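Me: I've got a new structure to look at. Walk me through it, and keep it brisk.

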Amino acid sequence: MTTATTRHADRRISPVFLGIVAVMAVTGWAVWSDFSASLGVAVFLFVTSAWVVSLCLHEYAHARTALHGGDISVGEKGYLTLNPLKYTHALLSIVLPVVFVILGGIGLPGGAVFIERGRIRGRWKHSLISAAGPLTNVLFAVVCTAPFWLDALDGVPLGFRFALAFLALLQVTAAILNFLPVPGLDGYGVIEPWLSHKIRRQVEPYAPFGLLAVFGVLFIPEVNHTFFDAIDAILRGLGVSEAETYCGQDFYRFWQTGGPCESVLSQ
């Protein structure tokens, strides 16, 4: 009985996560209804809280897949509660991704639930555990863009439309960056089980620097332009225009007053 009760507690949704979801719901309603005195502040809070929710779901997907793969320790670590404070690297999983959204509008891959890989048997299971996180971002992007590619935007306020577009951009960038086959990112985790032991040993020392290397390369203007051109092309395919994502980011940065998109709402 005690073991069963403990196991149930290990999987109970955390009040911390529910609080973040509540913030997302309230601020989303404020953006939709134009109830907030400042649309920019409401968009900032809505997008940030929704982004944190997606980060929690990303890590949960890793942990849940690992649980079914054989690592029962994820429950004891609190990963199944969706509590971001339980992650082994809260700085990498939550703080840095939010900072990068604020500073650059980039969906930084979060990361880190510690999976005891020795408990997992089978290369396919290892690959699926790594893929589960970014696939969650893909699903989140599909949900955010659904009103656009379903032509269901009639009656959707422009402010909410712009916020969804910017949130979709973050999800698409996170999915693409996560799927890069770079040590330290989920994309490498997908292919790692299929590499020889020698190659894995040679690559292992570079894993902590993989994410930094990716963002260092993204600071190269030519690479940055190519990357975001690709993101814009994907979003256009999903019915989201570059102007909509731009205006979403413009309102998100509410501290930069007098943005060019403010006049759009008054028309």
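**Contacts, helices and rings**

Me: Start with Trp51. Which residues is Trp51 in contact with, leaving aside its neighbours within four places in sequence?

Reply: Pro97, Val98, Val101, Gly107, Leu108, Asn137, Leu167, Leu170, Gln171 and Ala174. Contact means heavy atoms within 4.5 Å.

Me: Where do these coordinates come from?

Reply: This is a predicted model, where local features need pLDDT of at least 70, side-chain atom pairs count only at pLDDT 80 or more, and totals for chains, interfaces and linings use all residues. Residues are numbered from 1 along each chain as its sequence is written, and side-chain values use heavy atoms, leaving out hydrogens and water.

Me: Back to Trp51. Which core residues have the most contacts inside the largest nonpolar core?

Reply: Trp51 is one of them, with Val43, Val47, Val74, Leu167 and Leu170. This core has 64 residues. A nonpolar core is a set of buried Ala, Val, Leu, Ile, Met, Phe, Trp, Tyr and Cys residues joined through side-chain atoms within 4.5 Å. Buried means under 20% relative accessible area with a 1.4 Å probe, protein chains only; over 50% is exposed, and in between is partly exposed.

Me: Which elements give two or more residues to that core?

Reply: Helix 2, helix 3 (39-69), helix 5 (90-104), helix 6 (123-149), helix 7, helix 10 (210-218), helix 11 (221-237) and helix 12. Helix 3 gives the largest share, 15 residues.

Me: How many helices and strands are there in the chain?

Reply: There are 13 helices and zero strands. These are DSSP runs numbered from the N terminus: helices are H or I with at least four residues, strands E with at least two.

Me: How much of the chain is buried?

Reply: Buried residues are 46% of the chain's 267 residues.

Me: And what share of contacts joins residues at least 24 apart?

Reply: That share is 73%, counting contacts between residues at least 6 apart in sequence.

Me: Rings next. How many aromatic pairs turn up?

Reply: Ten, from a search of the whole structure. Rings of Phe, Tyr and Trp (its six-membered ring) pair if their centres lie within 6.5 Å; planes under 30 degrees apart are stacked, over 60 edge-to-face, the rest tilted.

Me: Why is the pair of Trp32 and Phe160 edge-to-face?

Reply: Because their planes stand at 70°, with the ring centres 5.1 Å apart. Trp32 sits in helix 2 (residues 15-33) and Phe160 in helix 7 (residues 158-178). The pair links distant parts of the chain, 128 residues apart.

Me: Are those two buried or exposed?

Reply: Trp32 is partly exposed, at 40% relative accessible area. Phe160 counts as buried, at 14%.

Me: What about Phe166 and Tyr252?

Reply: Their ring centres are 5.2 Å apart and their planes at 55°, so the pair is tilted. Phe166 is in helix 7 and Tyr252 in helix 12 (residues 242-252), so the pair ties together parts 86 residues apart in sequence. Both count as buried: Phe166 at 0% relative accessibility, Tyr252 at 1%.

Me: Which residues do ring pairs link into a cluster?

Reply: Phe166 and Tyr252 again, along with Phe44, Phe254 and Trp255.

Me: Last one, helix 12. Which of the residues in helix 12 are buried?

Reply: Glu244, Thr245, Cys247, Gly248, Gln249, Asp250, Phe251 and Tyr252. That is eight of its eleven residues, so helix 12 is mostly covered.
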